[in-house]
Structure formats: C-alpha cells, structure tokens
Amino acid sequence: MIINKLDSIEFRLKELHDFTWLKKYGTAFWVVDETGSGCICIGMENGDKKYFCKIAGVNTIEAEVSPQESIDILKEAVHLYYDLRHPNLVKIIEEYDYKQFYVVVFEWMDGECLFDHWNFEKYQKDTNIKSPKEKFKELPVSKKLRAIEILFSFLQNVNEKGYVAVDFYDGSIMYDFSTNKTTICDIDFFKKAPVINDKGAEWFGTKRLKAPEEYIKGSAIDEQTNIFTLGALIFEIFVSFSYEEINQRYCNNQFIPCSLSNWQLNEESYRVATKAVSLNKNERYLTFTEFFKDWREANRSIIY
C-alpha cells in the first residue's frame with residue numbers, strides 16, 4: 001500500500017501515481033479509494049462547480065480485477081449513462097483516455113451513498129456517528145415512499161429501453177438529506193436484454209438482495225429479477241434486519257423477507273412487497289407497471 005496525495009486529500013493505492021493533471025477541474029476535496037472495481041473516485045471543486053472523476057486503471061488496494069480489466073469494464077459502461085438517461089441518474093460530462101488511465105467525469109451530485117462500505121470502520125469506532133443507511137431508515141415514511149417512486153421510475157425506464165439492472169443495490173443509490181433528492185449513481189454492470197446468468201452463484205450482486213435465478217447458471221436475468229431486487233430493497237428500507245438474519249442470506253444464498261410484525265407499513269403493502277420477492281418467478285409480478293400500481297394502491301392512505 002502506497003499513500004498518494006492530491007492537494008490536501010490522501011488515498012491509498014498499490015502504486016504511486018501523479019494525479020496533478022486532474023487540477024484542470026480545480027482542487028481535490030473528496031476521495032473513495034476502497035473499491036473492488038479498480039477505479040478511484042475523486043471529487044474536484046472549481047469555484048461553484050464540482051466534478052466527480054472516476055479513474056480506471058489505478059490498481060486500488062481492494063481491486064478485484066486487473067488495471068486493464070477495470071479500464072475495459074468502465075469503457076463498456078459509459079454508453080449506459082447515455083442510453084439510460086433519467087432525471088435522477090448521474091450525468092456524464094466527458095470521458096477520455098489519459099496515459100495508462102481511462103477517465104470519466106460526471107456532474108457532482110450532493111448526497112450520501114446508502115451503502116458506503118468505505119466508512120464502515122468509522123461507524124464501528126464511533127457509534128455516535130450514524131450511517132446514511134441509518135439516517136435514511138429514520139426518515140418519515142412519506143419521504144421514503146417518494147424515494148421508492150424514483151426507483152420505480154428509473155427501473156421502469158431501464159426496462160423500457162431494453163436493459164436489465166445488474167448489480168443494482170443500495171450502494172447504487174445516493175440521498176441528499178437537505179433536499180430529499182434521490183440519485184442513481186452506479187449502473188456500470190447493467191446489460192442489454194436478453195441476459196443469461198453465465199456465472200452461477202458468482203453472478204454480480206450482493207447476497208443481501210439477490211434473486212434465486214442470480215445463483216443458477218443458465219437462468220434468465222430479466223424484468224422479474226429486477227422486480228425481486230426492488231422488492232428486497234423495499235424490505236431493507238422498511239425493516240431493521242438483525243446481523244443474524246442478514247448473515248443467513250450469505251450462508252443460505254437466499255433472501256428471506258421479515259415477518260409482518262416487523263414490517264413498518266400496513267398489511268396490504270407487506271403482501272405487495274412479499275409477492276415481489278417470491279422465490280418462484282411465476283408467483284412474482286410480471287411487470288413493473290403491475291407492481292407499481294399495487295404498491296401505490298397499498299399506500300394510498302399515506303400523504304406523499
């Protein structure tokens with residue numbers, strides 16, 4: 001591990017690199033270096049403008065791929081941000097090769113990632129600091145329902161444009177607690193349909209939210225898979241699962257919804273969410289349109 005520095009920001013990589021070329025975007029003020037993607041993410045500020053710079057090929061300390069693979073993956077992902085444009089999806093400003101790197105510059109979006117794993121150690125050391133996930137769970141129900149409507153809208157857009165949301169989870173979502181704006185920030189592994197699971201149990205995604213077909217080689221990954229994912233995310237938002245319950249998902253390769261007694265909303269909405277995460281595809285909703293219709297109807301008494 002080698003400490004790299006840009007302005008007052010320090011970050012850890014496996015190698016020493018010169019990042020002063022980023023100063024054309026201003027001054028570095030933020031960084032995330034603990035990524036499995038092999039990319040480093042640096043926030044740059046120039047007056048009232050801020051930029052989110054994602055740089056592949058830097059060999060991060062937790063990289064799960066080689067520097068060249070990280071470049072290939074990011075290059076392959078760029079078109080997704082153009083094809084899947086949405087009011088709540090981060091916007092690309094530019095992308096280019098620079099020396100041995102590949103750089104994508106996004107508009108900076110204020111907010112906090114709902115699964116900021118790079119800060120977990122900080123929360124463990126100081127239990128007085130609340131994670132974004134904890135703060136989000138404590139929001140009024142009406143605000144969380146509005147955020148879920150954004151997820152419905154975005155995933156319906158993905159489906160209508162012929163794509164499948166792969167590796168979509170709470171780490172793909174940012175929430176600005178000052179403006180209550182929800183932003184989708186990471187869609188790098190989304191794929192054009194049809195999509196077949198060619199990796200078996202190693203298919204992309206966290207075991208906290210994966211559908212059964214995401215463990216089975218040769219299975220179709222489709223709109224109903226994404227319905228399961230959103231249903232599982234809804235449970236994450238309206239339930240406080242214990243460490244033991246979450247650990248069971250990793251041990252058994254299976255998402256298990258909570259009991260009705262632990263559900264924050266009404267029984268009707270519980271039935272809707274439970275149908276979405278049915279282990280049998282034939283018992284799930286067929287479309288997001290049908291899922292959203294029933295979800296809204298179940299929560300009709302809550303003022304949005």
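In what order do the five strands of the open sheet stand? The order is S3-S4-S5-S7-S6, with antiparallel pairing; strands here are DSSP runs of E with at least two residues, helices are runs of H or I with at least four, and both are numbered from the N terminus. Two strands count as paired if DSSP finds at least two bridges between them. The model is a predicted one, in which local features need pLDDT of at least 70 and side-chain atom pairs count only at pLDDT 80 or more, while totals for chains, interfaces and linings use all residues. Residues are numbered from 1 along each chain as its sequence is written, and side-chain values use heavy atoms, with hydrogens and water left out.

At the edges of the sheet are S3 (27–32) and S6 (92–98), each with a single partner strand, so one side of each has no neighbour in the sheet. From one strand to the next, the twist averages 20°; angles run from 0 to 180 degrees between N-to-C directions, and axes are lines fitted to C-alpha atoms, for helices over the stretch in contact. Helix H1 (residues 67–83) packs on this sheet, touching S4, S5, S6 and S7 (101–107), and its direction makes about 30° with that of S7. Contact means heavy atoms within 4.5 Å.

Strands S4 (residues 39–46) and S5 (residues 49–56) pair in the antiparallel sense over eight bridges. Within S5, Lys 54 is the bridge partner of Cys 41.

Elsewhere, the axes of helices H5 (residues 223–238) and H7 (residues 267–276) come within 7 Å and cross at roughly 135°. The contact involves residues including Phe 228 and Ile 234 of H5 and Tyr 270 of H7.
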